[in-house]
2 protein chains.
Amino acid sequence: MDANLLPAKPLSAVERGGLYRTIFTRRDTRGEFLPEPIPDDILARLLTSAHHAPSVGFMQPWNFIIIKDIEVRRQVHAAFTKAHEEAAQMFPLEQQEIYRSLKLEGILEAPVNICVTCDRDRAGPVVIGRTHIRTMDIYSSVCAVQNLWLAARAEGLGLGWVSIFDNCEVQRVLSIPEGIVPVAYLCLGKVSGYHRQPELETAGWRSRVPLNELVYLNQWGSEGQSGLSKEIREAQKFAQSHACSRD
Amino acid sequence: MDANLLPAKPLSAVERGGLYRTIFTRRDTRGEFLPEPIPDDILARLLTSAHHAPSVGFMQPWNFIIIKDIEVRRQVHAAFTKAHEEAAQMFPLEQQEIYRSLKLEGILEAPVNICVTCDRDRAGPVVIGRTHIRTMDIYSSVCAVQNLWLAARAEGLGLGWVSIFDNCEVQRVLSIPEGIVPVAYLCLGKVSGYHRQPELETAGWRSRVPLNELVYLNQWGSEGQSGLSKEIREAQKFAQSHACSRD
């Protein structure tokens, strides 16, 4: 083995269990934020986790705007309120009441908001791995969001991704220059608890799709031929066992 | 506290350490794949992790095409080779030789390839949270990729994201219908080891950007005013301590 490489061993069972428990209990938090501040050392650890996400051509195209100022958050919230009302009217009449009853963001309740952006010019016009799929840099910023989210869960915090507003409004409120894309607007804070399953599932809005229906072999559409049906059922039990609280 | 909620406690130090070690040692693998097959139970656990990613409106827009067939992989590899040569010519002359020397994929060496897609119509035309930012469903599929990647690392496997080809070619080779977007093409397998730092960093192509330069407070461009400089330096040490092998 190349001595410069780290050995490719699995993590210990407890460490691996930590990752899986994080993945299977992570939730989008909207209504459970507590007002107390987040310790700065934890916030820094979350940002460092995001900064170690994969990025195309090692471009690291992200910035992180930490928003604590209540006046700035009020302006973002106003953009949400406007878009939320527009959104309600897009649904069929019978769904509009349910839609309006859903709590979809915690912009003002969460003590910290974070806007994760993508600087499309971070590494010049030609970027390794982005020559043919131009959106790869945006995808890198999304990977940073997911790292941040998982770290937040492991630290016992809640995070919610707000996507109901006109991005141009957010761009204006945060003085984000042209050429920089606001990819995600996140609400972060301590929470009173985590929902046991996604809220839209509990509300009967949508169910979890059986994974077996989503896995194909070699070609699109070869449903049920993955040869993994039994293992996927077992993995589902594994996920459930990691989604339970041991506290 | 609402008895229906799981308590929002941090994970234990060891479990949290498992997540952080995964995040800080995850690499994009291209050249270290071993030919032996991956156990199906581990593959199923990776897919289940991906399936538990956040998704806008609980849309779960992803499918996973597992590609083991060597003939299919050869066709994808041909698409890569074509695009790779086109890409080389986009770089300034002095960079072309370095670019050509880089190993950027393991399509044929890795025993398993996975194409992660996004079905834009999975939940009908109006989706909660996607009314104003249409790309949110694509972002959900990217979050699934990142979950899968981290689970692969925790299991001691390697994963590489190949993005150098014309997506239409991949779509044709895998018979992916119109309306379904191929978001990521992944190579997965056992590996001889993990690089200690990103290969493009080692190659001198790009350095890691100091995180402090990327964090702003309340507005774009307020560099150095985040109030987190000290904590970010500490978190950097924390990251390094989790990036070391203990084996």
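Predicted model: local features only at pLDDT ≥ 70, side-chain atom pairs only at ≥ 80, totals over all residues.
At what angle do helix α1 (residues 13–25) of chain B and α5(B) pack, and how far apart are their axes? The angle is about 105°, and the axes lie 9 Å apart. Angles of 65 to 115 degrees count as roughly perpendicular. That makes α1(B) roughly perpendicular to α5(B). Keep this pair in mind.

Start with chain A. This chain has eight helices and five strands. The C-alpha atoms of chain A fill a box of roughly 55 × 50 × 40 Å along the principal axes. Chain A is also split into two domains: domain 1 covers 13–207, and domain 2 covers 209–247. Taken over C-alpha atoms, the centres of these two domains of chain A are 27 Å apart.

Now bring in the second chain. Two copies of a chain are related by a rotation about an axis and a shift along it.

How many residues of chain A are in contact with chain B? The count is 116 residues of chain A, and they meet 115 residues of chain B. Which element of chain A gives the most to this side? Helix α1 (residues 13–25) does, with twelve residues. By type, the side of chain A that touches chain B holds 64 nonpolar, 31 polar and 21 charged residues.

The chains also share strands. Strands of a sheet pair through backbone hydrogen bonds, either parallel or antiparallel. Strand β1 (residues 64–67) of chain A runs parallel to strand β5 (residues 215–217) of chain B, and three bridges join them. Find A:Ile65 in the structure: its bridge partner in β5(B) is B:Tyr216.

At the chain A end, β3(A) pairs with strand β4 (residues 180–190) of chain A in the antiparallel sense, over six bridges. In this pairing, A:Leu157 stands opposite A:Lys190 in β4(A).

There is another sheet to trace. It is again open and five-stranded with mixed pairing, and its order is β5(A)-β1(B)-β2(B)-β4(B)-β3(B). Its edge strands are β5 (215–217) of chain A and β3 (157–162) of chain B, and each pairs on one side only. The twist in this sheet averages 25° from strand to strand. Strand β2 (residues 112–119) of chain B and strand β4 (residues 180–190) of chain B run antiparallel and are joined by eight bridges. One bridge pair to look for is B:Asn113 with B:Cys187 in β4(B). A helix packs on this sheet: α5 (residues 136–154) of chain B touches β2, β3 and β4 of chain B. The direction of α5(B) makes about 155° with that of β2(B).

That brings us back to the opening pair. Where do α1(B) and α5(B) meet? B:Gly18, B:Thr22, B:Ile23 and B:Thr25 of α1(B) meet B:Leu150, B:Arg153 and B:Ala154 of α5(B). Three of the residues in this contact are nonpolar, three are polar and one is charged.

Finish in chain A. Here α1(A) and helix α5 (residues 136–154) pack at about 105°, with axes 9 Å apart. Therefore α1(A) and α5(A) are roughly perpendicular to each other. A:Gly18, A:Thr22, A:Ile23 and A:Thr25 make the contact from α1(A), and A:Leu150, A:Arg153 and A:Ala154 make it from α5(A).

Note on methods. Residues numbered from 1 in each chain as written. Chains lettered and ligands numbered in written order. Contact = placed C-beta atoms within 7 Å. Helix = DSSP H or I, 4+ residues; strand = E, 2+ residues; numbered from the N terminus. Nonpolar A, V, L, I, M, F, W, Y, C, P; charged D, E, K, R; others polar. Pairing = 2+ DSSP bridges. Axes fitted to C-alpha atoms, helices over the stretch in contact; angles between N-to-C directions. Parallel < 35°, antiparallel > 145°, perpendicular 65-115°, else oblique. Domains from an automatic or database assignment.
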